[in-house]
Amino acid sequence: MPSSEQNILQAYQYCLSLAHSHYENFPVASKLLNKKIRLPVSAVYAFARTADDFADEGNQSPKERLQALNEYQKELEQIKLAIENHNNKPQQSSKLFFYPSNNPIFTALADTIYKFTIPVQLFADLIQAFKQDVTTTRYADFNEILDYCRLSANPVGGILLHLNTSATAENLKNSDAICTGLQLINFYQDIAQDIIENDRLYLPTKELEDHQISIDELRQQINNEHTHQLLTLQIQRAKTLYHSGAPLCTALKGRFAIEIRMIFFAGKLILHKLEQNTNNIYLRPRLTRRDKLKILWQALFSNP
């Protein structure tokens, strides 16, 4: 085996080890994923996980966090340029593409981007979202929150569709709706945690004013008719958007389709639980074992 192929495989193994060592339930570990994309998914995860850590973990200053993310952005730019140069050389497109990097994550990621023709912009959007996590803690209106979701959530769905050769225009549109919906659901689950731990708020500040709610009241976890009405508005808006992406669940085939359907039905169930919790907007919904069995059954036998 040529050394470049060995280096690529070692880089993937590094990413896979990082993914398996983390506590999150990421699709890397899912047996529903086609075996041929498990290593590429691990590269995507390693990239996103480490970049997210730059934005959130440790005791670094905002300047240091942004510097680390800028280094990731520069590496992406170099990958894009390297792929373009490789493809522009006569008779090179069918030959092995190897991107040497001091960071094995980017060696593996470059191989994934090249083999599956994934737009580098999707990864650049994620970096921009992580930068926004460092610099922005308030959003004036819902459109600003949607813009953030376009960077932080939608690229994940787009990347997975490219990995599964399903990135049609219609599928991408529906994926964006589901991904944004899932991001909104996550915001509404973690209102208290976000504001107390990170001083972040993903509720439009103009709508807080309209409902006569102060940020201090959210910090104190006060529930009243105003907070009930505010969260009801957020949930109904997220629900409409989320359900608009449902056609994706029937457009896909095979094990990947089951994976996406499970994610969709899980989000749908959490939305339902959030609707039941509007009298206490700080109560995080929990999925029981029975809920998880229901989600699996729906993914296998029910239409969204």
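**Entry 1: helix α9**

Which helices do the buried residues of α9 pack against? Before answering, I noted that I am working with a predicted model. I looked up α9, which covers residues 191–198, and found Ile191, Ala192, Asp194 and Ile195 buried. These buried residues pack against α8, α11 (215–219) and α12. I also checked what follows the helix: just after α9, Asp199 takes a positive phi of about 55°.

**Entry 2: helix α7 and its neighbour α8**

Next I went to α7, residues 154–163. How many of its ten residues are buried? I found nine, and α7 is mostly covered. The buried ones are Asn154, Pro155, Gly157, Gly158, Ile159, Leu160, Leu161, His162 and Leu163.

I then looked at how α7 packs with α8, which runs over residues 169–189. The angle is about 140°, and the axes lie 8 Å apart. Angles over 145 degrees would count as roughly antiparallel, so I have α7 and α8 down as oblique to each other. The crossing of α7 past α8 is right-handed.

For the contact itself, I listed Asn154, Gly157, Gly158 and Leu161 on the α7 side. On the α8 side I have Asn171, Leu172, Ser175, Asp176, Cys179 and Thr180. Sorted by class, the residues of this contact of α7 with α8 are three nonpolar, six polar and one charged. A reminder to myself about helices: residues three or four places apart point the same way, because there are 3.6 residues a turn.

I also noted the backbone just past the helix, where Thr165 takes a positive phi of about 50°.

**Entry 3: the nonpolar core**

Which residues have the most contacts inside the largest nonpolar core? I found Phe47, Phe123 and Tyr188, in a core of 85 residues. Helix α14, residues 254–276, gives the most to this core, with ten residues. The general background I keep in mind here is that nonpolar side chains tend to be buried together in soluble globular proteins.

Leaving out residues up to four places away in sequence, Tyr188 touches Phe142, Tyr202, Leu203, Leu231, Gln234, Ile235, Ala238, Leu274 and Ile281.

**Entry 4: helices α12 and α14**

Two of the residues in that list, Ile235 and Leu274, turned up again when I looked at α12 against α14. Helix α12 spans residues 225–244 and packs with α14 at an angle of about 160°, with the axes 11 Å apart. These two helices are therefore roughly antiparallel to each other. This time I noted a left-handed crossing, with α12 passing α14.

From α12, the contact takes in Ile235, Gln236, Ala238, Lys239, Tyr242 and His243. From α14, I wrote down Ile263, Phe264, Gly267, Lys268, Leu271, Leu274 and Glu275. By class, I get seven nonpolar, three polar and three charged residues for α12 with α14.

**Entry 5: two residues of helix α3**

I moved on to Tyr72, which sits in α3. Is Tyr72 buried or exposed? Its relative accessible area is 6%, so I marked Tyr72 as buried. Not counting residues up to four places away in sequence, Tyr72 touches Phe47, Thr50, Ala51, Phe54, Asn103, Ile105, Phe106 and Ile127.

Gln78 is partly exposed, with a relative accessible area of 44%. From Gln78 to Thr205 I read 39 Å, C-alpha to C-alpha, and they are 127 residues apart in sequence.

**Entry 6: two loop glutamines**

Last, I checked backbone angles in the loops. Gln212, in the loop between α10 (205–210) and α11, has a positive phi of about 60°. Gln212 is exposed, at 60% relative accessible area.

Gln221 lies in the loop between α11 and α12, and its phi is also positive, at about 55°. Gln221 is partly exposed, with a relative accessible area of 38%.

Conventions
Residues are numbered from 1 along each chain as its sequence is written. This is a predicted model: local features need pLDDT of at least 70, side-chain atom pairs count only at pLDDT 80 or more; totals for chains, interfaces and linings use all residues. Side-chain values use heavy atoms; hydrogens and water are left out. Axes are lines fitted to C-alpha atoms, for helices over the stretch in contact, and angles run from 0 to 180 degrees between N-to-C directions. Helices (H or I, at least four residues) and strands (E, at least two) are DSSP runs, numbered from the N terminus. Angles under 35 degrees count as roughly parallel, over 145 as roughly antiparallel, 65 to 115 as roughly perpendicular and the rest as oblique. A crossing is left-handed if the near helix is turned anticlockwise from the far one by less than a right angle, and right-handed if clockwise. Contact means heavy atoms within 4.5 Å. Ala, Val, Leu, Ile, Met, Phe, Trp, Tyr, Cys and Pro count as nonpolar, Asp, Glu, Lys and Arg as charged, and the others, Gly among them, as polar. A nonpolar core is a set of buried Ala, Val, Leu, Ile, Met, Phe, Trp, Tyr and Cys residues joined through side-chain atoms within 4.5 Å. Buried means under 20% relative accessible area, exposed over 50%, partly exposed in between (1.4 Å probe, protein chains only).
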